[in-house]
Amino acid sequence: MTTQFKLAAALILSGMIVAGCQRPAEKTEAPAAAATSPTAASADVHPFTIGALHAAALKDGDIVLENVAGQSPWADTAGVAEVLRKTGDPKIHLSVQPLLIRGDNKVVLIDTGAGGAMGTANKLPASLAAAGVQPAQVTDILISHGHGDHLGGLVQNEALAFPNAAIRMSTAEWAAVQANGELATLVPVIAPKVQTFEPGAQITPSITAVALQGHTPGHTGYEIVSGQDRLLYFGDALHSSVISVERPDFVNAWDNDSDAAIATRFALLGRGATQSLRTYGVHFPFPGLGTFRRQADGFVWVPEVAATAP
Ligand SMILES: [Zn+2]
């Protein structure tokens with residue numbers, strides 16, 4: 001896919017969000033959060049543990065797309081309509097929620113949301129504060145890939161939003177970010193803090209980088225292990241908890257290498273279902289925690305707690 005196409009997709013997202021993302025989130029956030037997370041300081045924070053680690057899903061915003069050519073990344077709009085029919089909502093909903101992990105004497109943030117771009121609500125700063133963390137306390141930022149809804153929160157007012165944090169991403173992804181003209185103003189701001197790694201690298205005592213190929217040149221998931229507990233952050237290997245899970249074979253124009261992305265989706269879903277692996281979807285309904293289960297010839301997403309957005 002060309003850079004121009006990706007830019008067009010981003011612009012399409014930008015236009016869409018302004019039009020339609022606010023109402024669903026406002027409609028359901030407060031009561032659901034109260035029911036599922038009584039210790040949360042905010043409806044936009046979902047605290048949980050991974051062994052000895054303290055984690056929290058941090059809401060940044062919502063992306064809502066019409067299932068039509070030029071807006072949806074899935075070319076098969078009829079197929080998507082069929083998948084969405086049982087949800088009772090014909091629109092495509094993608095939440096955005098970076099993941100906070102505290103432990104090992106580190107404060108880790110996985111991805112940083114859109115920074116208010118792409119029409120999202122830029123909730124991350126308030127969500128982080130509600131979780132009890134100041135930006136200067138973040139020690140490590142792990143980037144899954146270099147798209148605006150993951151890098152966007154790194155910079156605010158042309159300065160580092162997390163001034164003391166190392167910014168870690170795969171070597172291949174950093175090369176792609178530097179080559180992307182759309183990120184020309186961001187690159188020099190973050191460059192002094194970037195530390196690259198190779199696939200499979202141990203990032204912290206509890207977190208390992210996992211290559212999940214196809215979405216971008218160096219797209220990376222993160223596997224977090226503490227004691228007997230395990231969580232896989234799978235980034236944009238899967239975008240929608242409905243479409244990507246039930247039709248992993250659908251071509252998605254946001255994927256850089258469609259064949260590789262489809263193979264990654266099938267492998268991820270298969271491993272997840274076989275191992276009952278706890279997973280985290282940065283774009284799945286907030287808070288994005290759950291497992292995959294085999295159903296008929298395919299897979300379904302089983303959220304760990306009731307979602308607070310469609
Ligand atoms: Zn994304």
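**A friendly walk through a predicted model**

Colleague: Let's begin with strand β14 (residues 220–226): how many of its seven residues are buried?
Modeller: Keep in mind that this is a predicted model. Strand β14 is largely enclosed by the rest of the structure. That is so because the buried residues of its seven number six.

Colleague: Which strands pair with β14, and in which sense?
Modeller: Strand β13 (residues 207–211) pairs with β14 over five bridges in the antiparallel sense. On the β15 side there are five bridges as well, and that pairing is also antiparallel. The partners you asked for are β13 and β15, in the antiparallel sense.

Colleague: Which residue in β15 is the bridge partner of tyrosine 222?
Modeller: Tyrosine 222 belongs to β14, where it stands opposite alanine 209. In β15, its bridge partner is tyrosine 233.

Colleague: Which residue takes a positive phi in the hairpin of β14 and β15?
Modeller: Two residues lie between the strands of this hairpin. The one with a positive phi, near 60 degrees, is glycine 227.

Colleague: How far apart in space are arginine 230 and serine 206?
Modeller: In sequence, 24 residues separate arginine 230 and serine 206. From C-alpha to C-alpha, their distance in space is 9.5 Å.

Colleague: In the open sheet of seven strands, which strands stand at the edges?
Modeller: The order of this sheet is β1-β2-β5-β6-β7-β10-β11, with mixed pairing. Two strands have a single partner strand each, so one side of each is left without a neighbour in the sheet. Those edge strands are β1 (45–50) and β11 (194–197).

Colleague: Which residue in β6 stands opposite leucine 100?
Modeller: Strand β2 (residues 53–58) pairs with β5 (residues 99–103) in the antiparallel sense over four bridges, and there alanine 56 stands opposite leucine 100. Between β5 and β6 there are five bridges, again antiparallel. In β6, the residue opposite leucine 100 is leucine 109.

Colleague: How does β10 (residues 166–170) run relative to β11, and at what angle does helix α6 run to β10?
Modeller: Strands β10 and β11 are parallel and joined by four bridges, with isoleucine 167 having valine 194 as its bridge partner in β11. Helix α6 (residues 171–179) lies across both strands. The angle of α6 to β10 is about 100 degrees.

Colleague: Why do the buried residues of helix α3 lie on the same side?
Modeller: The buried residues of α3 (residues 77–85) are Gly79, Val80, Val83 and Leu84. They share a side of α3 because they cover an arc of only 130 degrees around the axis. On the other side, Ala78 and Arg85 are exposed. What covers the buried residues includes β4 (92–96) and α8 (243–246).

Colleague: Last one: which peptide bond is cis, with omega near 10 degrees?
Modeller: The proline involved is in the loop between β16 (279–280) and β17 (289–295). The cis bond runs from phenylalanine 286 to proline 287.

Notes
Residues numbered from 1 in each chain as written. Predicted model: local features only at pLDDT ≥ 70, side-chain atom pairs only at ≥ 80, totals over all residues. Heavy atoms only, no water. Buried < 20%, exposed > 50% of the residue type's maximum accessible area, 1.4 Å probe, protein only. Arc of directions from axis to C-beta. Contact = heavy atoms within 4.5 Å. Pairing = 2+ DSSP bridges. Axes fitted to C-alpha atoms, helices over the stretch in contact; angles between N-to-C directions.
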